[in-house]
There are 2 protein chains.
Amino acid sequence: MRKGEQTRAAIVEAALELAGRDGLEGLTIGLVADRMRMSKSGVFAHFGSREDLQIAVLKEYEKRFVEDVLLPSLNEGRGLPRLEAMYGRWIDRISVEISSGCIYVSGAAEYDDRPGPIRDELVGMIRSWQAELVRAIKQAIEVGHLRADTDPAQLVFVLQGFVLSVHFNTRLMHNKDSVTRARAGFSQLIGVYRAPAQSPIRLAPRNRNL
Amino acid sequence: MRKGEQTRAAIVEAALELAGRDGLEGLTIGLVADRMRMSKSGVFAHFGSREDLQIAVLKEYEKRFVEDVLLPSLNEGRGLPRLEAMYGRWIDRISVEISSGCIYVSGAAEYDDRPGPIRDELVGMIRSWQAELVRAIKQAIEVGHLRADTDPAQLVFVLQGFVLSVHFNTRLMHNKDSVTRARAGFSQLIGVYRAPAQSPIRLAPRNRNL
């Protein structure tokens, strides 16, 4: 990485941390410059505006989300194992972010009634993630792990609710057991949609390594 | 109501509307004075500080929530009918507030990491509501509508998630079907916990008007 790219990456890193604490709207070029011990014009040399910096922070956040949550889950077999991995890693990530604040959740409150490029970026990212969940659920139906009448969008609505409830109950209400409840909720929900026990022949592909 | 009380109530009304739009943190004595066509000192005569006004807004919000959601539901019979009414009216209220913003949800994002009297007030209110839900669920177990092994706190965690997911998916994601999904989620969830079909004798009290 060239020197300029390194500095840019370090600025985004500092801004990401500040945005976790104060929200994306709390982010200013001045605060980031202070944190970096740079001049404001030094930061402006890398980002033309505060909005450019906010969008760079969102893109970096999404990049890490994809790396930490989505990509490792794709190593799991299609169907329930992959869906479980995606949800499990999502919850893991939320539990880590409880102290720093989750940008997807805090961003929702900041931008839900504020149209513009940042809101569009945020919505686009969440839509991508919801689409990945829908894809994993459809695969779980195809391979016979979930019932054929499973409504993927309904399942995503409920999973999103579990994640929001963890955030709300932990950060605001200081309930200690939310992560456990979110995992229990998933098992229960999957129990509702799980396809009836299959014949050994249908099960065979899952046991191919035995 | 005396003149002073009328003015105070009108100020709270205006402040409640502003807080729905801009959040409780967006509320200032100046904005409220503008809206009321009063002087700032006129508003200060009724509320010693901005914080006093914010707390008065929260108390008024809770009063209306209790009047609109809780009290009418208590007319329903103990057990599932009452729980269904509480949840149904909660969702009704959220759908109305989608455009103006729900103070409980936006307040969560504003105050989750900001200790102080406003946060304490907000948490106290939500805790009361969650306790009412737990009470209704316990009654539904007692009267035999829900299974004896139902965990009331788990159920409340999931219901809270449905409400947060409606808010998130409607306000941020502009999904149109969230309210329908929240109602479908409730039916499905209750299906999981519903006690096995009872003997006609146990069912009799529910059919007493037939």
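Predicted model: local features only at pLDDT ≥ 70, side-chain atom pairs only at ≥ 80, totals over all residues.
Chain A contains 10 helices and zero strands, so its pattern, read along the sequence, is simply α-α-α-α-α-α-α-α-α-α. Its C-alpha trace spans about 70 × 40 × 30 Å along the principal axes. Of the 210 residues in chain A, 35% are buried.

Next comes the packing of two helices within chain A. Two packed helices are described by the angle between their axes and the distance between the axes. For helix 7 (residues 117-142) and helix 8 (residues 152-172) of chain A, that angle is about 125 degrees and the axes lie 9 Å apart. Helix 7 of chain A and helix 8 of chain A are therefore oblique to each other, and helix 7 passes helix 8 in a right-handed crossing. On the helix 7 side, the residues involved are Q130(A), L133(A), V134(A), I137(A) and K138(A). Helix 8 of chain A meets them with P152(A), A153(A), L155(A), V156(A) and L159(A). Sorted by class, this contact has eight nonpolar residues, one polar and one charged.

L155(A), one of the residues that helix 8 of chain A brings to this contact, is worth a visit of its own. L155(A) has 25 other C-beta atoms within 10 Å, and because 20 or more is the mark for burial, L155(A) counts as buried. Once neighbours within four places in sequence are set aside, L155(A) is in contact with I137(A), T150(A) and Y193(A). F186(A) is 31 residues away from L155(A) in sequence, and their C-alpha atoms are 9.8 Å apart in space.

Over in chain B, L133(B) is found in helix 7. With 20 other C-beta atoms within 10 Å, L133(B) is buried as well. Not counting residues up to four places away in sequence, L133(B) touches M86(B), V156(B) and L159(B). Its C-alpha atom is separated by 16 Å from that of S187(B), which is 54 residues away along the chain.

What about the nonpolar interior? In soluble globular proteins, nonpolar side chains tend to be buried together. Here, the largest nonpolar core has 102 residues. The residues with the most contacts inside this core are V57(A), L159(A) and V163(A), along with V57(B), L159(B) and V163(B). Take V57(B): leaving aside neighbours within four places in sequence, V57(B) is in contact with V12(B), A15(B), L16(B), A19(B), L24(B) and L27(B).

Then there is the contact between the two chains, to which chain B gives 27 residues and chain A gives 27 residues. On the side of chain B that touches chain A, helix 6 (103-111), helix 7 (117-142), helix 8 (152-172) and helix 9 (178-193) each supply at least two residues. The largest share of that side, 12 residues, comes from helix 8 of chain B. By class, the residues on the side of chain B that touches chain A divide into 13 nonpolar, 10 polar and four charged.

The axes of helix 9 of chain A and helix 8 of chain B come within 10 Å and cross at roughly 85 degrees. These two helices are therefore roughly perpendicular to each other. Helix 9 of chain A makes the contact through S178(A), R181(A), A184(A) and G185(A), while helix 8 of chain B uses Q154(B), F157(B) and V158(B). That contact has three nonpolar, three polar and one charged residues.

Most residues other than glycine have a negative phi. H174(A) is not a glycine, yet its phi is positive, at about 55 degrees. H174(A) lies in the loop between helix 8 and helix 9 of chain A. Is H174(A) buried or exposed? With 10 C-beta neighbours inside 10 Å, H174(A) counts as exposed. In chain B, R37(B) also has a positive phi, of about 50 degrees, although R37(B) is not a glycine. R37(B) sits in the loop between helix 2 (29-36) and helix 3 (40-44) of chain B. R37(B) counts as exposed because there are 7 C-beta neighbours inside 10 Å.

Technical notes:
Residues numbered from 1 in each chain as written. Chains lettered and ligands numbered in written order. Axes fitted to C-alpha atoms, helices over the stretch in contact; angles between N-to-C directions. Helix = DSSP H or I, 4+ residues; strand = E, 2+ residues; numbered from the N terminus. Parallel < 35°, antiparallel > 145°, perpendicular 65-115°, else oblique. Left-handed = near helix turned anticlockwise from the far one by under 90°. Contact = placed C-beta atoms within 7 Å. Nonpolar A, V, L, I, M, F, W, Y, C, P; charged D, E, K, R; others polar. Core = buried A, V, L, I, M, F, W, Y, C linked by C-beta atoms within 7 Å. Buried ≥ 20, exposed ≤ 12 C-beta atoms within 10 Å, placed from the backbone.
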